[in-house]
Amino acid sequence: VKKLNELDVSGKRVFIRADLNVPQDDAGNITEDTRIRASIPSIQYCLDQNAAVMVTSHLGRPTEGQLSADDSLMPVAVRLGQLLNCPVRLINNWINGDFEVKPGEVVLLENCRGNVGEKKNNEELAKKMAALCDVYVNDAFGTAHRAEATTEGIARFAPVACAGMLMGAEIDALSKATENPARPLVAIVGGAKVSSKLTILRTLADKVDQLIVGGGIANTFLLASGKRIGESLAEPELVKEAQAIMDMMKARGAEVPLPVDVVVADEVSALARANRIPADEVGAHDRILDVGPKTAAKLADIIAHAGTIVWNGPVGVFEHAQFAGGTKMMASAIAHSEAFSIAGGGDTLAAIAKFHIAEDIGYISTGGGAFLEFLEGKTLPAIAALEERFDN
Ligand code: 3PG
């Protein structure tokens, strides 16, 4: 793809599609601003070159044509202004270009999913957006798996289309972990449900040297190996799939390491009383909410010997202290490892922040769904559109 830092954008009208879809609390305060910070280098590069900069993003999944106050990028405009140290005006109803932006100035164009046709990648809408700029920059790696008007359509019609700094960094780092990775390649896939991670589990089982599963996913694997899991979160209907993944790994000489001890309680809450027990002593009313210390040590040992680590998802309910031990020990093992590590996904980012290990991770992706689809080897439509423009 063509890259922004190879272009001279001085005096040009630049349209940057960023992914500023950040989590907020009920009062609308931004609770985690990694994505906003990650958008700064491209914006700053354009401002330094005296370009007239328009930035847009989606926020949440609003009904098209009906943005409510909750859908507004206003808190993002404020945060962006603080980080860039300059005012960032928020522009409503921008699609017809009825606004002004001067060279050296940056404006934020209100939630692009407010435009009718954005989600469906409407061609007329994409052409209207393309007409707003001389250069289109896609820096929204987190939305690269969506073919929408601001991520895919516009790339086909803008006079010039290129990848921003973040998009470039994401593609480079994720490619490093997937194409010819230093071995052993160890993947950690945690989280609540096998169903939401089935494709990635299958893909990884075909590529990695060790596959560690955690959280509700591990419970379904425990079921598949004949263990009792009491009232733990699991998907019994996917036991056969879990078995198939374990068989795939076994055929390659690496068993999926399942918990030998677990932390259980009878409810998920900050006050729940936790018990550490062997994995084959789980009672009928127990819920498995973390791996036990023996398991955590075993997983840490696998991680310590890795050449490359891919991490998506925690191994326990780390939001509560009594169920955080497993994820903490694993996070610490990743942080201390010499391996090249990449991590992605909302819960994983929250765990990295909680255990203060961001500095020690090789690369932290801003993608959730996009991160997984890239690792699955899927073509991400927004990246494909940039590649097509580069070739022609
Ligand atoms: C994400 O948070 O994964 C991206 O911003 C994409 O959001 P979406 O799933 O609403 O398209």
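Colleague: Which residues of α10 are buried?

Modeller: First, a caution: this is a predicted model. Nine of the 12 residues of α10 are buried, so the rest of the structure largely encloses this helix. The buried ones are G325, G326, T327, K328, M329, M330, A331, A333 and I334.

Colleague: How far apart are the end C-alpha atoms of helix α10?

Modeller: Helix α10 covers residues 325-336, which is 12 residues. At 1.5 Å a residue it should span 16 Å. The model agrees, with the end C-alpha atoms 16 Å apart.

Colleague: Which helix packs on the sheet and touches β3 and β4?

Modeller: Start with the sheet. It is open, has six strands with parallel pairing, and runs in the order β3-β4-β2-β1-β5-β6. Its edge strands are β3 (89-91) and β6 (160-163), each of which pairs on one side only. The twist averages 25° from one strand to the next. On this sheet, in contact with β3 and β4 (106-109) and at about 160° to the direction of β4, packs helix α2 (residues 74-84).

Colleague: At what angle to β5 does helix α4 run?

Modeller: Helix α4 spans residues 149-157. It lies across β1 (13-17), β2 (52-56), β5 and β6. Relative to β5, the angle is about 145°.

Colleague: Which elements do the buried residues of α7 pack against?

Modeller: Eight of the nine residues of helix α7 (residues 216-224) are buried, so it is largely enclosed by the rest of the structure. Those eight are G216, I217, A218, N219, T220, F221, L222 and A224. After the helix comes G226, with a positive phi near 90°. The packing partners of the buried residues are β7 (185-189), β8 (210-213), α8 (239-251) and β11 (287-291).

Colleague: In β8, what is the bridge partner of V189?

Modeller: β8 is part of an open five-stranded sheet, ordered β8-β7-β12-β13-β14 with parallel pairing. β8 and β14 (363-364) stand at the edges with a single partner strand each, so one side of each has no neighbour in the sheet. β7 and β8 pair in the parallel sense over four bridges. In β8, the bridge partner of V189 is V213.

Colleague: Is A353 buried or partly exposed?

Modeller: A353 sits in helix α11, residues 346-354. A residue counts as buried at 20 or more other C-beta atoms within 10 Å, and as exposed at 12 or fewer. A353 has 13 within 10 Å, so it is partly exposed.

Colleague: How many residues of the shell around the ligand are charged?

Modeller: The ligand is surrounded by D19, N21, R61, G142, T143, R146, G368 and G369. None of the shell is nonpolar, and five of its residues are polar. The charged residues number three.

Key
Residues numbered from 1 in each chain as written. Predicted model: local features only at pLDDT ≥ 70, side-chain atom pairs only at ≥ 80, totals over all residues. Helix = DSSP H or I, 4+ residues; strand = E, 2+ residues; numbered from the N terminus. Expected span 1.5 Å × (residues − 1). Near = placed C-beta within 6 Å. Nonpolar A, V, L, I, M, F, W, Y, C, P; charged D, E, K, R; others polar. Pairing = 2+ DSSP bridges. Axes fitted to C-alpha atoms, helices over the stretch in contact; angles between N-to-C directions. Contact = placed C-beta atoms within 7 Å.
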